[in-house]
Amino acid sequence: MRTRFDFVHCDNQRAVRPLVLTYDDAESLALAMKAEALGRFKHIKKSANVRFYVNGTLVQDLADELPFPDGTRVVIYDKASAPAVSAREPADTSVPAPTTFLHAETVVDEDAIQQLYRVAKLPGMVACVGMPDLHLGSGAYPVGAAFVASRIIPELVGSDIGCGMTLFPLPGVSSDLTDRQLQRLSQALGQDGFQPGEATVDTPASQHPLAAAHARNFGTIGGGNHFAELQVIHELLEPGALDTSAAYLLVHSGSRTLGEAVAAQFKADGDLQAYCEAHKLCVTWASDNRRKIGQRFADVCSGGSPTEPVQTILDITHNSYVPVSPSENPQDSPHYLHRKGAAPMDAGQLVAIPGSRGTYTYIVRPSTDAEVLARCACSIAHGAGRAMSRGKVTALLKGRYRSRRSDAVEALQRTPFDGYVVCPGRVEVLYEEAPEAYKDIELVIRDLVAVGAISVVAVMKPLITCKM
Ligand SMILES: Nc1nc2c(ncn2[C@@H]2O[C@H](COP(=O)(O)O)[C@@H](O)[C@H]2O)c(=O)[nH]1
Ligand SMILES: [Mn+2]
């Protein structure tokens, strides 16, 4: 038997986490449930008390109810706080905004969960949804989440306003690249290096007076987790959706120093109107930036000569806010859906969900089902999400490659797909961004499929990853 349970802690019953369990009988279910409770709620005592509710009514005998329907609610009590058996759950008002988690199989750090709960308590919060790639943010706000609020909260978007992913077919490059061709291309990409100040600033957003000081960064990838990656189709699950004979480029980048300056300005002066105008500019600038990177990449692939303007298959923003109508009274003043590391389901586009340079990228079709959209706040995961901090993964890999540093660097420049990593900047990036730093993308995708949020269109294999 297999059931998707809605798993909650007694102190926080509006924060629902899905949990998929496979079980043989009532006894194995009860044991598995207790193990989950102890694993997920670290503060809970060994004597945790697990109660099952079907339609709000306490289940007295598990065996009588098997198999449980999807959505059965399971409440975990500390033995001390467990109420005398009553048919109803006690009401809890300690969390102002309902909070939902979309992970079941993916591991989400308890600290990130607590960070999301704290956001749910901010004034004006209406709903919070943690994606399976939810992880600890560097400030007070987690990454991999969607937040609905009755006001605009710029801090929830963060400083990389407009960051997102764009997928292009690479003109003239076919999927059957030989190792020799990959090596030559990697070398050429390393030499080009997407250096600042070299791209033509030729779009209205990049020519905007507010963006003038950032023109040098137009067409540049940016550091760390941003990348430009040549990929080919490993498996096509929706026949005809993509061309299997083509090679593709996935670009992940944002508004670079422009977004940072806009976020810093708001922090300094709190001028929300100015922020909103600048936010709009950042979202367009970031999208133009990804297209410019795509063009530069395509030009390198064609031996340096300019190619036709690149076409886009999808262009998705995962850090931004958008106005939405309140679900209960659509005529009321709008709410604002903030996404920090969450991709939109409602953009009428496919979405690329990458794992890392050493794992597959999934091209997915978001569901259009109204109930699913509401449950997910119209948002899905934008990646695998960090499993380890930069410092931790660097220490792990330095321990693993105790041999000469040059050997380690050589190993980190290759991938499990016989691909190449081009990293002409800081060598530390090779460590900090290694596949080990990220969660298991396959579990993220399984979780999203399990809640009915996506279907997989194609699975892509990375062959050349450019990191700065
Ligand atoms: N295919 C690749 N995926 C990567 C790489 N580096 C990071 N990632 C994934 O992208 C998201 C981006 O998250 P963000 O919070 O920085 O917007 C991240 O969670 C990883 O799963 C890469 O080099 N190649
Ligand atoms: Mn991003």
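**Ground rules.** I number residues from 1 along each chain as its sequence is written, with chains lettered from A and ligands numbered from 1 in the order in which they are written. Because the model is predicted, local features need pLDDT of at least 70, side-chain atom pairs count only at pLDDT 80 or more, and totals for chains, interfaces and linings use all residues, while side-chain values use heavy atoms, with hydrogens and water left out.

Entry 1: I looked up the UniProt record, an unreviewed entry, and found a "binding site" at His252 and His318. They are spread over 67 residues of sequence, yet they cluster in space, with a largest C-alpha distance of 10.1 Å. UniProt positions are given in the numbering used here, feature names are shortened, and annotations may be inferred rather than shown by experiment.

I placed His252 in strand S11 (residues 246-253). Helices (H or I, at least four residues) and strands (E, at least two) are DSSP runs, numbered from the N terminus. His252 is buried at 7% relative accessibility; buried means under 20% relative accessible area, exposed over 50%, and partly exposed in between (1.4 Å probe, protein chains only). Leaving aside neighbours within four places in sequence, I listed its contacts (heavy atoms within 4.5 Å): Cys163, Gly164, Met165, Ile221, Asn225, His226, Phe227 and His318. A polar atom of the His252 side chain lies 2.9 Å from the backbone oxygen of Asn225. I log that as a polar contact: a pair of N or O atoms within 3.5 Å, where within protein one must be able to donate a hydrogen and the other to accept it, and residues adjacent in sequence count only if both atoms are side-chain atoms.

His318 sits in the loop between strand S12 (314-317) and S13, and it is buried at 3%. Among the residues that His318 touches, beyond four places in sequence, are His252, Cys163, Arg339 and His382.

Asn319 is in strand S13 (residues 319-324) and counts as buried at 7% relative accessibility. Its side chain reaches the backbone oxygen of Asp160 at 3.1 Å. Contacts of Asn319 beyond four places in sequence include Val157, Cys163, Arg339 and Gly341.

Ala384 lies in the loop between strand S18 (379-381) and helix H9 (390-400). With a relative accessible area of 2%, Ala384 is buried. Not counting residues up to four places away, it touches Asp133, Pro354, Gly355, Tyr438, Lys439, Ile441 and Val444.

**Entry 2: Ser356.** I found Ser356 in the loop between strand S16 (351-354) and strand S17 (361-366). It counts as buried at 9% and, leaving aside neighbours within four places, is in contact with Pro435, Tyr438 and Pro462.

**Entry 3: the second largest pocket.** It holds about 500 Å³ of space. Of its 21 lining residues, Ala127, Val148, Ser327, Ala374 and Ala377 are the closest to its centre. On a 1 Å grid over the protein atoms alone, a pocket is an open set of points with protein on both sides within 12 Å along at least five of seven lines, for a 1.4 Å probe; lining residues have an atom within 4 Å of a point. Grid points are joined across faces, edges and corners, and the volume is the space filled by probe spheres set on the points. The largest share of the lining, 4 residues, comes from H8.
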